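Hi,

Here is the model I promised to pass on. Have a look at it first, and my notes follow below.

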Amino acid sequence: MQIIATIQRDYRDYLSETEIAEIEHEASCLETREAAGIDALKIVQAHRGWISDESLAAIAQLLGISTAQLEGVATFYNLIYRQPVGHYVIHICDSIGCHLSGYDEVLASIKNHLAIDYGQTTEDGMFTLLSNVCLGACDKAPVMKIGQQDYPHLTAENVVIILDELLNNALANTLADSLPDSLPRNSAEQELDHD
Amino acid sequence: MTEATLKPLTYLVNTAKPLAIDDYIHAGGYQGAAKALHQCTPAQVLDIVKDSSLKGRGGAGFPTGVKWSFVPMFAADDPKAPDNKYLVCNADEMEPGTFKDRLLLEGVPHQLIEAMIIAAYTIGANKAFIFLRGEYHLAAKRLQQAIDEAYQSNWLGSNIQSSNYQLDLHVHTSAGRYICGEETALINALEGKRANPRAKPPFPQVAGLFGKPTIVNNVETLSNLPHILKHGVDWFKQVAPESDAGTKIYGACGRVNTPGLWELPMGATIREVLYEHAGGMKDGLKLKGLLPGGASTDFLLPEHLDTPMDYDSIAKAGSRLGTGGLIVLDDHNCPVAMVLNLLKFFAQESCGWCTPCRDGTPWAVEILSRIEHGQGRLADLDSLAQLCDFMWIGKTHCALAPGAVEPLKSALKYFHDEFEQHIDNGCCPYKGSH
Ligand SMILES: Cc1cc2nc3c(=O)[nH]c(=O)nc-3n(C[C@H](O)[C@H](O)[C@H](O)COP(=O)(O)O)c2cc1C
Ligand code: SF4
Ligand code: FES
């Protein structure tokens with residue numbers, strides 16, 4: 001069992017002004033501050049990639065709810081990451097439409113190519129592999145989602161090409177803005193290239 | 001009939017670029033809401049919706065007008081009136097094999113906003129939420145854009161189109177978990193809590209979100225409202241005179257030639273959806289069975305192909321219309337492996353509140369995976385049947401557990417030989433047959 005530190009700093013020393021402003025905006029649209037808890041977790045995760053114990057305590061303090069209560073919420077929902085994740089988080093659909101259409105082969109290919117299992121992150125910190133329930137794209141099965149992008153009609157072969165391309169993009173971007181503090185953020189807030 | 005009256009829900013869908021508000025209005029949009037706000041009292045709209053016999057498209061098929069009529073109504077100056085009521089659109093869509101709401105959310109967001117104005121006005125709600133599953137990023141972006149446009153054009157906000165009616169609309173993007181789609185769990189999620197369902201009564205219509213009267217309706221259900229208002233109850237019933245009123249967005253997935261979605265008059269047969277629209281089975285494959293409306297419906301067989309896909313007919317055939325999305329099992333996929341996949345889903349997504357569901361679903365997974373891997377015993381089939389009883393309606397707080405039973409129980413009935421074969425042979429007879 002992990003114990004979350006209860007002695008805490010002032011949340012303003014921890015959360016950025018942008019994070020606080022975004023959370024306060026959500027809270028202002030809602031009846032109670034507690035109701036903004038899930039939004040707040042998603043906001044901080046979008047900025048930092050995951051929810052650390054410190055983030056959890058700071059958000060709880062900002063919203064005036066107990067850390068334990070917020071932890072209960074954070075661990076209930078599967079899109080809140082309570083552990084660090086890679087630059088790209090692969091959410092592959094393991095539900096029935098994909099199962100019937102070749103999910104097993106695609107999954108085996110991903111695991112083999114990245115040498116990780118479900119719940120693990122590659123050594124270079126680039127990819128985390130997670131399962132997801134039906135992504136609502138069953139007509140294009142098998143499907144995975146990375147960031148905001150669906151990757152439809154996967155095969156054992158094309159999924160490897162997709163992952164390699166993403167890796168190359170990330171490496172090119174790291175070279176482009178090689179600021180010393182450019183921590184790899186996850187791709188969750190990458191803009192959609194649809195619209 | 002024109003496209004607008006044959007395929008009212010989808011004729012304006014544009015998944016590449018949904019209509020902006022001016023174009024939507026130009027195409028006839030917001031006329032249903034205008035009619036409700038300017039020509040009807042809330043009680044009159046309620047009567048129209050009741051008369052239309054619109055049934056909920058979220059899975060349970062409950063008559064929408066009847067559900068709304070449980071919301072307490074008060075005169076404006078009544079001191080007992082609650083300070084607010086809420087309308088919530090259920091856009092959680094996490095039922096495996098279901099992707100119809102996504103089409104409406106991404107393809108014609110203003111239709112949903114118009115629909116929510118009509119529904120909220122009828123029940124006297126001044127605030128509404130769209131509860132959107134977290135993975136639907138594109139839908140979130142397009143809905144927000146449409147909502148912003150609606151505020152700018154005074155279709156949301158105060159004194160909408162000089163009607164004296166006010167409505168604020170907020171999108172909540174979820175953070176995952178299938179159980180959030182259950183309406184009382186959804187309400188807990190909106191309150192920032194863990195999404196366990198609530199014990200009923202009280203029903204949300206009386207005490208729901210933040211303790212206030214609340215209506216939760218599915219995206220597709222709501223999307224019918226502008227058209228019912230605009231074209232009238234007679235038209236709506238006439239769309240499918242032999243069946244339940246209106247159209248239905250049917251879907252198909254699995255190894256069929258052209259998986260997808262089609263809006264058809266309610267009561268299209270399974271055969272029509274599967275063979276005329278989904279193009280039949282892929283080369284070399286035969287139809288073995290199907291789930292007619294998502295993961296939590298009972299299997300049907302090829303002998304049921306001529307069943308109309310409406311609530312009563314599918315129920316008579318022994319299943320449920322559910323969400324109307326066919327999940328098609330072919331003869332090269334193992335039925336035991338299919339049921340195992342489904343039960344794994346339910347076990348993982350169980351919220352853990354009720355013992356039969358929390359312990360029963362993983363137990364079923366354990367037994368099924370034993371059978372699938374050739375380690376099963378004949379007595380396992382009795383244990384599975386017993387689990388189906390333990391998890392049936394009335395023994396749990398919500399319908400997730402009975403929903404898990406439906407495919408399991410029907411598979412035990414229809415695919416009994418395949419189960420026994422796994423046990424007798426000590427292996428899965430389908431291995432290597434993909
Ligand atoms: C486990 C579970 C998940 C559900 N998920 C959804 C969902 O994603 N979308 C939906 O509209 N209804 C879902 N429902 C049904 C809702 O509880 C509710 O009946 C529905 O939103 C009512 O809307 P309707 O009357 O318009 O159909 C779910 C029910 C259960 C038990
Ligand atoms: S039936 Fe299952 S999902 Fe529904 S309340 Fe009980 S434990 Fe939770
Ligand atoms: S089952 Fe995989 S997207 Fe629906």
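To start with a term: I call it a salt bridge when a side-chain nitrogen of Lys or Arg is within 4 Å of a carboxyl oxygen of Asp or Glu. By that rule there are two salt bridges between chain B and chain A. In one of them, A:Glu31 and B:Lys127 meet through their side chains at 3.2 Å, N to O.

Some housekeeping. This is a predicted model, with local features needing pLDDT of at least 70 and side-chain atom pairs counting only at pLDDT 80 or more, while totals for chains, interfaces and linings use all residues. Residues are numbered from 1 along each chain as its sequence is written, chains are lettered from A and ligands numbered from 1 in the order in which they are written, and side-chain values use heavy atoms, leaving out hydrogens and water.

Now the interface. On the chain B side 54 residues are in contact (heavy atoms within 4.5 Å) with 41 residues of chain A. About 4,000 Å² is buried between the two chains, with 56% of that from carbon and sulfur atoms; buried area here is the accessible area (1.4 Å probe) that two parts lose on being put together, summed over both. The rule also finds 23 residue pairs in polar contact across the interface, both residues at pLDDT 80 or more. A polar contact is a pair of N or O atoms within 3.5 Å; within protein, one must be able to donate a hydrogen and the other to accept it, and residues adjacent in sequence count only if both atoms are side-chain atoms.

Ligand 1 comes next. It has 19 residues around it, B:Gly58 and B:Asn217 being among the closest; near means a heavy atom within 4 Å.

- B:Asn90: a side-chain N or O atom is 2.9 Å from a ligand 1 oxygen.
- B:Thr221: a polar side-chain atom is 2.7 Å from an oxygen of ligand 1.
- B:Gly181: a backbone N or O atom is 3.3 Å from a nitrogen of ligand 1.

Finally, some backbone geometry to check. Most residues other than glycine have a negative phi, and most peptide bonds are trans. A:Ala141 and A:Pro142 are joined by a cis peptide bond, omega about -10°, and another cis bond joins B:Lys200 and B:Pro201, omega about -5°. B:Tyr30, which is not a glycine, has a positive phi of about 65°.

Cheers
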